[in-house]
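Hello,

Here is the structure we discussed. Please have a look, then read the notes below.

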Amino acid sequence: MSPVASELPAFLDAAVLGGLLLASAVTLLAGYRVINGPTVPDRVVGLDTIGTNVVAIAALFAIQTGRGLFVTVSLVLAIIGFISTIAVARFVREGDIIE
Amino acid sequence: MSGGSLDREPTVIARTVTRLVVPVILVTAVALLLQGHNLPGGGFIAGVLTTTAFALIYIIYGLDYLETELLHRRPTVPFGTGTGIVREYGNVFAAGLAVAGGGGLAAVALGFPFLTQGVAFFEGVPVYHEFEIASAVVFDLGVYAVVVGALLTILAVVGAE
């Protein structure tokens with residue numbers, strides 16, 4: 001295997017750039033829902049979407065720049081986002097996180 | 001909160017996913033701890049990740065699960081300070097502080113300034129071929145234990161309220 005991302009094919013480069021732009025736009029739209037959401041679950045789902053999008057942005061940025069440390073960033077962010085989603089779901093449903 | 005105990009029981013899916021995910025989180029934390037000298041990572045973020053794994057156990061299995069399953073004793077009432085598993089967390093905190101400080105004082109004992117770090121390379125190790133031991137791993141282990149002990153104390157005390 002050749003070393004990753006020393007020079008990306010033109011198609012892959014364009015696809016990664018498009019994915020970055022798309023994920024950023026979706027993050028902005030989810031931010032609107034977080035600020036303006038009528039109910040608490042709306043805001044929670046919006047925040048979860050933002051977290052998932054930041055994970056995607058970090059992974060795409062790792063592909064674009066060839067720096068592996070952003071894969072670690074996305075891994076840790078995904079773990080923390082998963083746990084926060086569970087905690088908030090439990091809070092909304094039970095009113096208490098740890099019993 | 002009042003209510004039937006059946007309502008508050010987490011689903012089988014949540015319990016099973018927790019059993020699968022917690023080891024993955026712990027392995028990630030150890031990997032971050034060991035790569036901390038050369039790459040992003042280190043004691044603090046590894047401790048935070050370990051604490052999130054324990055937080056997941058607390059959320060899904062309840063506050064008494066760790067004490068009954070890990071220490072095999074009846075859980076004491078965790079109100080106040082110094083009771084229950086909080087004392088073990090305090091011991092972890094103190095041990096980490098001692099390891100980190102002792103690692104710094106070891107450099108003083110060898111005639112270097114406080115917290116001087118060094119690195120050694122070993123050639124011809126059977127599996128790794130070239131193996132690297134940095135003395136900073138001792139300080140990182142201390143920071144890891146301090147962060148785990150402090151955050152788990154906060155989690156246990158605040159979660160019990």
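Start with the contact between chain B and chain A: one residue pair is in polar contact, with both residues at pLDDT 80 or more. (A polar contact is a pair of N or O atoms within 3.5 Å; within protein, one must be able to donate a hydrogen and the other to accept it, and residues adjacent in sequence count only if both atoms are side-chain atoms.) The side of chain B that touches chain A draws at least two residues from each of α1 (5–8), α2, α3 and α6 of chain B. α3(B) gives the most, seven residues. Helices are DSSP runs of H or I, at least four residues, numbered from the N terminus.

This is a predicted model: local features need pLDDT of at least 70, side-chain atom pairs need 80 or more, and totals for chains, interfaces and linings use all residues. Residues count from 1 along each chain as written, chains are lettered from A and ligands numbered from 1 in written order, and side-chain values use heavy atoms, without hydrogens or water.

In total, 22 residues of chain B contact 17 of chain A, with contact meaning heavy atoms within 4.5 Å.

Now α6(B), residues 136–159. Its 24 residues should span 34 Å at 1.5 Å a residue, and the end C-alpha atoms are 34 Å apart, which agrees. The expected span is 1.5 Å times one less than the number of residues. Its buried residues include Asp140(B), Tyr144(B) and Leu152(B); buried means under 20% relative accessible area (1.4 Å probe, protein chains only). The buried residues of α6(B) pack against α2 (12–34), α3 (43–61) and α5 (86–109) of chain B.

Best wishes

Methods:
Buried means under 20% relative accessible area, exposed over 50%, partly exposed in between (1.4 Å probe, protein chains only).
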